[in-house]
Amino acid sequence: MKKYLLFMLSIILCLTVTACGGKDKNIDADESKPTSGTQSTVSAEASSKDTSSEESSKESSSDGNSDDKTSFTPEKLPADFDPTSEAECYAVDFNSWQMYLANPWNPVPDEWIAMEYGDEGLAKVLQKYRPDPAKSSQLYFDARAVDYLHAMIEAAEKDGINLDVISAFRDNAFQTGNFERQVTSVKKANPGISDKDARKKAAAVVALPGTSEHQLGLAVDFNSVEDSFRNTRAYKWLIENCTDYGFILRYDTSKQAQTGIIPEPWHYRFVGVKNAKLIEASGLCMEEFIEKYNVEG
């Protein structure tokens with residue numbers, strides 16, 4: 001009887017150990033699969049996010065959407081520089097790309113006329129400086145001056161001023177369409193006006209194709225094409241600071257006869273820091289400044 005009981009007890013013990021061991025193995029196996037699967041999924045997602053982030057960063061940078069601030073520092077003039085010096089005015093290089101004059105009497109050179117969006121020589125305006133970065137079309141500016149533009153906008157931003165780029169480089173097709181729309185608008189507002197007079201009137205508002213500074217890639221319009229822009233803090237900031245970045249207010253209130261264009265408080269032209277300081281100090285518009293000081297012209 002004792003032997004029988006011992007035999008039965010041995011069988012029970014063996015069954016218990018086997019059952020426990022089997023259960024432990026099943027738990028390990030069942031848990032290892034989802035754990036391994038989860039780790040793989042997380043790893044894959046992390047890798048995907050890293051790759052996506054890297055590609056997005058590259059794409060953003062190439063599209064001009066990067067949030068990084070420019071490290072560019074605008075040209076600093078010598079401490080003894082005198083913007084009222086006539087000797088400095090006469091010494092300006094009037095043949096430089098910065099000082100090319102485009103107006104109704106001085107057409108844009110053929111090489112500029114032929115330029116199109118994305119051509120070499122043009123650089124993208126940072127998309128974050130557009131009115132609606134997610135929806136606004138890409139704009140371009142002269143690659144030699146675009147850093148000055150970005151630096152100016154960022155300096156204004158530090159002072160709590162928002163400068164949205166609403167227009168920059170325009171190719172000839174765009175300028176032609178822009179001008180023809182203005183002609184149509186003039187005709188609607190002036191029934192019976194002749195086509196010749198409508199075009200002449202339109203040209204005072206929108207430059208004739210081939211004569212616009214925008215076709216040089218050196219002009220930029222900020223915030224609003226309304227005369228009320230002159231009453232804003234942004235306009236005041238630009239008037240006080242734009243020359244530090246090589247820009248001038250191109251079409252002032254008192255200079256329409258000289259420029260052939262109505263006053264545009266939103267329109268700024270890049271001419272280079274030294275040139276901008278000289279033109280501002282002279283009180284002359286670009287046409288008058290060139291006529292007075294370009295003795296070789």
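I began with R199, which is partly exposed at a relative accessible area of 29%. For the wording, I take buried as under 20% relative accessible area, exposed as over 50%, and partly exposed as in between, with a 1.4 Å probe and protein chains only. E180, at 32%, is partly exposed.

I then found that R199 and E180 form a salt bridge, with their closest N and O atoms 3.0 Å apart. My rule for a salt bridge is a side-chain nitrogen of Lys or Arg within 4 Å of a carboxyl oxygen of Asp or Glu. R199 sits in helix α6 (residues 195–203) and E180 in helix α5 (residues 172–189), so this pair ties together parts that are 19 residues apart in sequence. Helices (H or I, at least four residues) and strands (E, at least two) are DSSP runs that I number from the N terminus.

A note on the source: this is a predicted model, in which local features need pLDDT of at least 70 and side-chain atom pairs count only at pLDDT 80 or more, while totals for chains, interfaces and linings use all residues. Residues are numbered from 1 along each chain as its sequence is written, and side-chain values use heavy atoms, with hydrogens and water left out.

Next I looked up E213 and R250, whose salt bridge has its closest N and O atoms 2.5 Å apart. E213 is in the loop between α6 and β4 and R250 is in strand β5, 37 residues away, so I logged a link between distant parts of the chain. Buried or exposed, I wondered, is E213? E213 is buried, at 1% relative accessibility, and R250 is buried at 1%.

I also followed shared partners: salt bridges join E180, K187, D195 and R199 into one network. My count by this rule came to 13 salt bridges.

One of them pairs K274 with E88 at 3.9 Å, N to O. K274 lies in helix α9 (residues 273–282) and E88 in helix α2 (residues 86–90), so the pair ties together parts 186 residues apart in sequence. K274 is partly exposed at 33% relative accessibility, and E88 is partly exposed at 25%.

Last, the cores, meaning sets of buried Ala, Val, Leu, Ile, Met, Phe, Trp, Tyr and Cys residues joined through side-chain atoms within 4.5 Å. The largest nonpolar core has 43 residues, and F141, F222 and F247 touch the most other members. Helix α4 gives the most to this core, with 8 residues. I noted a second, separate core of 15 residues, with F81, V92, L278 and Y293 among them.
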